[in-house]
Amino acid sequence: MSVFVEEIVSAPAVEQDVCSLDNYLAQPDHTIDGRIAAARAKLGKSTILLGHHYQRDEVIRFADYTGDSYKLSKIAAETEARYLVFCGVHFMAESADVLGRPDDPPGTGQQVILPDLNAGCSMADMAEIGQVEDCWDSLMAAGLSPADILPITYMNSTAAIKAFCGERGGLVCTSSNAGKAFDWAFARAEKILFLPDQHLGRNTAFAMGIPLNEMVVWDPYQINGGLTPARLKAAKIILWKGHCSVHQRFLPEHVEKVRAKYPGIKVAVHPECRWEVCQKADALGSTERLIHLVESAPEGSMFAIGTEIHLVNRLAKEFAAKGKRIITLDDTGCLCTTMYRISPQHLAWALENLVEGRVVNRIQVREDVKRWSRVALDRMLEIRA
Ligand code: 13P
Ligand code: SF4
């Protein structure tokens, strides 16, 4: 059993009439916007709202800062605000808590709120700390030593896994600095264990010139990851068998189809997409970079974007007025259901409670986990995006 167990601290019981979440959830959409704005105004500089680009329009419009996971973590590390309301998913809020100001002297530390605790990430759930520790033990049993291999975890992982990497000399990366993280690791060891997104790991390593036959996939549900000691020893990159269901849906056929239908169209995808899709695309990038690509393209450009549908639809709406056409790479483009869980009702509930002095849905990482995950996150911030 792992010693790293995440801890979520919720608010103490609160009075039904004033702050029961059920009362908020009963409110129809768009009837609560004025209350969110009023609560936001009352909280002033004590509070910042961080919004990931996949949030729905009804929520992201209230964000003080929007960004990809790298940018938001940097803001979390730098802000003076006492309360950070994270409109994103659990691993992002956890990282903000790790990077935030500690409570020293007591009463001065930062507190992170996730308006709906069910806003997780299915990819992050694909690597559990006990499985990762077992994998590491198997790698050592196969004849590798800690000097041979460094673990790198994608930001989309629990704080426990970030701590695991930090303690073993590794680091965290996001989709905007994965290449730099690999360079950093290869300056220190000859192999990388990459968690938990096999696609980002493969796309990053391949772009650095590492051939596919030097990468293996570790399946946590098979004995010894489904790999022989000889294959493990020969591999340069060991990829965890995890993926994002939103991005894995995009297929190479989708790229061929849009190119046939719209000659001259540019295809830009998130690097969580399959290698075969990324190979066919014109550009890859984090959510922030995808936005920048569209922004900086000349008038008259057309893009098919392979990422979460709320961001694609927002880009389509915003840039239509600027003479650029944006479509989704796949017509049945999928939403991130966990990002979607943050609703205006949840946001109003979290903010109005805060106005009343109650912190609900606080995300608080255990101190021992915090220590090493902070090391891994600081290494990431040092290499920049
Ligand atoms: P970005 O860091 O590119 O915003 O990606 C986060 C994410 O979860 C993509 O699925
Ligand atoms: Fe996780 Fe995929 Fe949603 Fe990103 S889009 S938060 S990787 S499930």
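Predicted model: local features only at pLDDT ≥ 70, side-chain atom pairs only at ≥ 80, totals over all residues.
Student: Which residues are around ligand 1, and how many of them are charged by class?

Tutor: The residues around ligand 1 are H52, Y54, D68, S69, Y154, N156, S175, H247, H270, E272, S286 and T287. By class, this shell holds eight polar and two nonpolar residues. The number of charged residues is two.

Student: What distance separates a polar side-chain atom of S69 from an oxygen atom of ligand 1?

Tutor: A polar contact requires a pair of N or O atoms within 3.5 Å. An N or O atom in the side chain of H52 is 2.6 Å from an oxygen atom of ligand 1, and a polar side-chain atom of T287 also lies 2.6 Å from an oxygen atom of the ligand. For S69, the corresponding distance is 2.5 Å.

Student: How much of the area that ligand 1 exposes when taken alone does the protein bury?

Tutor: Polar side-chain atoms of residues including S69 and T287 approach oxygen atoms of ligand 1. Taken alone, ligand 1 exposes 300 Å². Of that area, the protein buries 96%.

Student: Why does V355 count as partly exposed?

Tutor: V355 is located in helix α17, which covers residues 344-355. Buried means under 20% relative accessible area and exposed means over 50%. V355 lies in between, because its relative accessibility is 30%.

Student: Which residues does V355 contact, leaving aside its neighbours within four places in sequence?

Tutor: V355 is 317 residues from A38 in sequence, while their C-alpha atoms are 9.9 Å apart in space. Contact requires heavy atoms within 4.5 Å. With those sequence neighbours set aside, the contacts of V355 are A39, K42 and L43.

How values were computed: Residues numbered from 1 in each chain as written. Chains lettered and ligands numbered in written order. Heavy atoms only, no water. Near = heavy atom within 4 Å. Polar contact = N/O pair within 3.5 Å; in protein donor to acceptor, adjacent residues only side chain to side chain. Areas by Shrake-Rupley, 256 points an atom, 1.4 Å probe, with all protein chains shown as cover. Nonpolar A, V, L, I, M, F, W, Y, C, P; charged D, E, K, R; others polar. Helix = DSSP H or I, 4+ residues; strand = E, 2+ residues; numbered from the N terminus. Buried < 20%, exposed > 50% of the residue type's maximum accessible area, 1.4 Å probe, protein only.
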